[in-house]
Amino acid sequence: MPSLEAIEKRVVACRRCPELRAYCAQVGRVKKRAFRDHEYWAKPVPGWGDPNARVVLVGLAPGAHGSNRTGRVFTGDGSGEWLYRALYRAGFASAAVATHRDDGLRLSDAFITAAVRCAPPANKPTPEQRARCFPYLREEFAALPGVRVVVTLGKLADDTVATLVKEIGGYRGARAPFAHLAESVVDLPQAGGVTVLASYHPSRQNTNTGVLTEPMLDAVFARARELADMGALARSG
Ligand code: SF4
């Protein structure tokens, strides 16, 4: 089973989607006016965080001028500002502000990854691109033995995790329809129950319109910690 470090190396070097690699590189050359002095990462963005994480967050894909610029998941755009502030308030991140992959921020008990690791045009990966990137998610989960809670950020991430769950035996009972704070449980022989906890994505579209508020996001991470602690109690009891 490959380690997280080995997966990260292969992700960064991946060329399974030449059209996405070309798009990311082009965005990095043209840049956004506000970031014209920045050196863009312009490559696939690997998952990152605590290798002993009990809580894993799954997002959609890098933002063209967010993590495609900074090289770290959810770092450098409006979605990330919301997400890291919430993770900090919940005690999963060492700082409320994430600016770059070398900014010194650390995650504790949390790991963040995505359904697709190259920025897609209009934030819309194709089914083929999602399928090509999916094996990395499978490998990351295999390399994270402590996972008790999977927070899916948005419907597409929730659907991608559902594909993974199907491979490993399915949900206990039915999968909950996607909704904020919806929960589904997966039985894993080595881990007991793992809960998939859905959240609206902290995109500008959701946060600017009030579809997702900070208290709503705080409720997700409070529940994630509660579920992780309940899992630990069940195993020690
Ligand atoms: S989207 Fe995934 S599979 Fe496609 S090139 Fe990027 S890292 Fe590779």
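Modeller: A helix here is a DSSP run of H or I with at least four residues, numbered from the N terminus. This model is predicted.

Colleague: What follows helix H4?

Modeller: Gly91 follows H4. Its phi is positive, near 85°.

Colleague: What makes H4 count as a helix, and how do you know what span to expect of H4?

Modeller: H4 has 12 residues. A helix needs at least four, so H4 qualifies. The expected span is 1.5 Å times one less than the number of residues.

Colleague: Which residues of H4 are buried?

Modeller: Among them are Gly78, Ser79, Trp82, Leu83 and Tyr84.

Colleague: Why is Arg72 called buried?

Modeller: Buried means under 20% relative accessible area. Arg72 has 4%, so Arg72 counts as buried. Arg72 sits in the loop between helix H3 (67–70) and H4.

Colleague: How do you know what Arg72 touches?

Modeller: Contact means heavy atoms within 4.5 Å. Leaving out residues up to four places away in sequence, Arg72 touches Tyr84, His100 and Asp103, among others.

Colleague: What makes Arg72 and His100 a polar pair?

Modeller: A polar contact needs N or O atoms within 3.5 Å. A polar atom of the Arg72 side chain lies 3.2 Å from the backbone oxygen of His100. That distance is within the cut-off.

Colleague: How many residues separate Ser67 and Asp103 in sequence?

Modeller: They are 36 residues apart. In space, their C-alpha atoms are 13 Å apart.

Colleague: Why is Val30 called exposed?

Modeller: Exposed means over 50%. Val30 has 62% relative accessibility, so Val30 counts as exposed. Val30 lies in helix H2 (residues 18–30).

Colleague: What is the volume of the largest pocket?

Modeller: About 780 Å³. Of its 37 lining residues, the closest to the centre are Leu60, Ser79, Asn123, His201 and Ser203. Helices H4 (78–89), H6 (155–167) and H7 (204–207) are the elements that each give two or more residues to the lining.

Colleague: How do the lining residues of the largest pocket divide?

Modeller: They divide into 17 nonpolar, 14 polar and 6 charged. Leu counts as nonpolar, so Leu60 belongs to the nonpolar group.

How values were computed
Residues numbered from 1 in each chain as written. Predicted model: local features only at pLDDT ≥ 70, side-chain atom pairs only at ≥ 80, totals over all residues. Heavy atoms only, no water. 1 Å grid on protein atoms, 1.4 Å probe; cavity = no way out; pocket = protein on both sides within 12 Å on 5 of 7 lines; lining within 4 Å. Points joined across faces, edges and corners; volume = space filled by probe spheres on them. Buried < 20%, exposed > 50% of the residue type's maximum accessible area, 1.4 Å probe, protein only. Polar contact = N/O pair within 3.5 Å; in protein donor to acceptor, adjacent residues only side chain to side chain.
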